[in-house]
Amino acid sequence: AAAAGPHHELTSLFECPVCFDYVLPPILQCQAGHLVCNQCRQKLSCCPTCRGALTPSIRNLAMEKVASAVLFPCKYATTGCSLTLHHTEKPEHEDICEYRPYSCPCPGASCKWQGSLEAVMSHLMHAHKSITTLQGEDIVFLATDINLPGAVDWVMMQSCFGHHFMLVLEKQEKYEGHQQFFAIVLLIGTRKQAENFAYRLELNGNRRRLTWEATPRSIHDGVAAAIMNSDCLVFDTAIAHLFADNGNLGINVTISTCCP
């Protein structure tokens with residue numbers, strides 16, 4: 001606790017007067033020596049402290065050296081993150097910090113909602129009313145009209161074990177001219193909570209079976225990285241047709257708890 005005082009005094013020297021985030025290298029100053037972060041600087045025509053000119057850009061090498069010797073708190077400290085980091089590590093950590101706001105987990109980038117984990121289900125029920133929710137640990141996810149052209153996604157919710165899971169099937173052209181389906185399960189919860197569960201996806205039909213088993217991803221991680229790495233159930237349109245019935249594809253979804 002004794003070291004916290006001077007450390008906080010040092011980091012406070014780097015506070016941007018506009019957004020109160022930290023001014024991190026490369027550190028630029030106005031002609032009078034006042035600092036402003038690079039994000040705010042791009043939107044300003046004059047120094048917010050003295051109203052002097054922000055151009056030409058003057059680099060403050062002394063403050064950059066100090067910044068390299070200081071550990072800065074994560075920008076989500078106010079919501080619970082206790083980490084302090086070197087300025088070069090801050091952006092990477094903050095992209096995956098467990099305490100950052102949750103984005104809407106629906107596939108695609110059309111919904112820009114962000115909020116707390118506790119507010120996600122309320123958002124989905126009010127803003128995405130078309131999503132069906134099924135109860136139980138063993139359900140059938142029925143994707144209709146899988147022959148629709150272009151990129152398409154199907155989404156539904158599954159409730160069991162006191163948690164909500166989001167089931168996502170995406171059809172996209174990952175490689176030119178080659179359409180593939182990607183199916184995955186997300187937990188409306190944290191990464192740590194997701195580790196307590198396993199899911200199985202299974203296509204059945206015509207004396208064939210295709211199965212994928214994995215740990216659900218947290219909605220904090222989303223589906224994009226999993227699809228990019230094929231870390232999900234992947235099958236092409238020819239396989240989809242082997243299991244489909246009149247353009248409709250049933251995927252058996254089973255959620256289970258992992259042994260402690």
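This briefing describes the overall form of one protein chain and then looks at two of its residues.

The model is predicted rather than determined by experiment. The protein chain has 260 residues, and 39% of them are buried. Its secondary structure comes to eight helices and 16 strands, and the chain is divided into domain 1, covering residues 6-69, and domain 2, covering residues 131-257.

**Overall form**

- The C-alpha trace of the protein chain spans about 75 × 45 × 30 Å along its principal axes.
- The radius of gyration of the protein chain is 24 Å, whereas a compact globule of 260 residues would have a value near 18 Å.
- Domain 1 and domain 2 have C-alpha centres that lie 47 Å apart.
- If we take the contacts between residues at least 6 apart in sequence, 53% of them join residues that are at least 24 apart.

**Surface and charge**

- The protein chain exposes about 14,500 Å², and carbon and sulfur atoms supply 53% of this area.
- The protein chain carries 19 positive and 24 negative charges, and the mean positions of these two groups are 5 Å apart.

**Leu-203, a residue in a strand**

- Leu-203 lies in strand E12, which runs over residues 197-205.
- Leu-203 counts as buried because its relative accessible area is 0%, and the cut-off for a buried residue is under 20%.
- When neighbours within four places in sequence are left aside, Leu-203 is in contact with Arg-208, Arg-209, Leu-210, Phe-235, Phe-243, Leu-249, Gly-250 and Ile-251.
- Leu-203 and Cys-50 are 153 residues apart in sequence, and their C-alpha atoms are 66 Å apart in space.

**His-220, a residue in a loop**

- His-220 lies in the loop between strand E14, which covers residues 217-218, and helix H7, which covers residues 224-228.
- Not counting residues up to four places away in sequence, His-220 touches Cys-97, Glu-98, Tyr-99, Arg-100, Pro-101 and Tyr-102.

Methods:
Residues are numbered from 1 along each chain as its sequence is written. This is a predicted model: local features need pLDDT of at least 70, side-chain atom pairs count only at pLDDT 80 or more; totals for chains, interfaces and linings use all residues. Side-chain values use heavy atoms; hydrogens and water are left out. Helices (H or I, at least four residues) and strands (E, at least two) are DSSP runs, numbered from the N terminus. The radius of gyration is taken over C-alpha atoms; the globule rule is 2.2 Å times the number of residues to the power 0.38. Buried means under 20% relative accessible area, exposed over 50%, partly exposed in between (1.4 Å probe, protein chains only). Contact means heavy atoms within 4.5 Å. Accessible areas come from the Shrake-Rupley method with a 1.4 Å probe; for residues, only the protein chains shown count as cover. Lys and Arg count as positive and Asp and Glu as negative; His and the chain ends are not counted. The place of a charge is taken as NZ of Lys, CZ of Arg, CG of Asp or CD of Glu. Domain bounds come from an automatic or database domain assignment.
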